[in-house]
Amino acid sequence: MIGNNVCIGEFALIEPGVRIGDDCHIAAHTVLRTGCELGNAVSIDSFCVIAGLPQTRAHEPSPGKVSIGDHTIVREAVTVNLPTKQDGVTSIGSDCYLMA
């Protein structure tokens, strides 16, 4: 689901099941994988990967999600991965600023 007034840059990949709130900016070459939920007015810069598989060898794929709150800025090349626990949530609050 894509909200109102959303800007999506060239070559951005948005997988099925992604939820994007109103007034978001998704830069070119961003990857939003299944399980990604963005609040309103979130800005994701180029080359970010949101909701990729956890970076652990012990992980077996399981449902989970990444939730990013309103007015959060995610700068270029940041990765935010799915949780390692069944039905878990990787949660980033509102008004945050993430850098790689």
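This is a predicted model: local features need pLDDT of at least 70, side-chain atom pairs count only at pLDDT 80 or more; totals for chains, interfaces and linings use all residues.
**Notebook: cysteines, a sheet and a few residues**

I searched the whole structure for disulfides and got zero. Cysteine 24 is in none, and its nearest cysteine sulfur, on cysteine 36, sits 9.2 Å away.

Cysteine 24 comes out at 2% relative accessibility, so I logged cysteine 24 as buried. Cysteine 36 has a relative accessible area of 0%, so cysteine 36 went down as buried too.

In what order do the four strands of the open sheet run? I read the order as 3-6-9-12, with parallel pairing. Strand 3 (19-20) and strand 12 (88-92) are the edges, each pairing on one side only. I then zoomed in on strands 3 and 6: their parallel pairing rests on two bridges. For arginine 19, I found the bridge partner in strand 6 to be glutamate 37.

**Alanine 41**

I found alanine 41 in the loop that links strand 6 (36-38) to strand 7 (43-44). Its relative accessibility is 26%, so I put alanine 41 down as partly exposed, since buried means under 20% and exposed over 50%. Skipping residues up to four places away in sequence, I listed what alanine 41 touches: Asp22, Asp23, Cys24, His71 and Thr72.

**Asparagine 81**

Buried or exposed, asparagine 81? I got a relative accessible area of 18%, so asparagine 81 is buried, because the cut-off for buried is under 20%. I placed asparagine 81 in strand 11 (residues 79-81). Leaving out neighbours within four places in sequence, I have asparagine 81 in contact with Gly52, Leu53, Pro54, Gln55, Val66 and Thr90.

**Surface patch**

Which residues make the nonpolar surface patch? I noted Ile73, Tyr97 and Met99, with about 330 Å² between them. Methionine 99 lies in the segment after strand 13 (97-98). At 61% relative accessibility, methionine 99 goes in my notes as exposed.

Conventions
Residues are numbered from 1 along each chain as its sequence is written. Side-chain values use heavy atoms; hydrogens and water are left out. Buried means under 20% relative accessible area, exposed over 50%, partly exposed in between (1.4 Å probe, protein chains only). Contact means heavy atoms within 4.5 Å. A disulfide is a pair of cysteine sulfur atoms within 2.5 Å. Patches are made of residues with over 30% relative accessible area and no salt bridge: like charges are joined within 9 Å, nonpolar side chains (Val, Leu, Ile, Met, Phe, Trp, Tyr) within 5 Å. Accessible areas come from the Shrake-Rupley method with a 1.4 Å probe; for residues, only the protein chains shown count as cover. A salt bridge is a side-chain nitrogen of Lys or Arg within 4 Å of a carboxyl oxygen of Asp or Glu. Two strands pair if DSSP finds at least two bridges between them.
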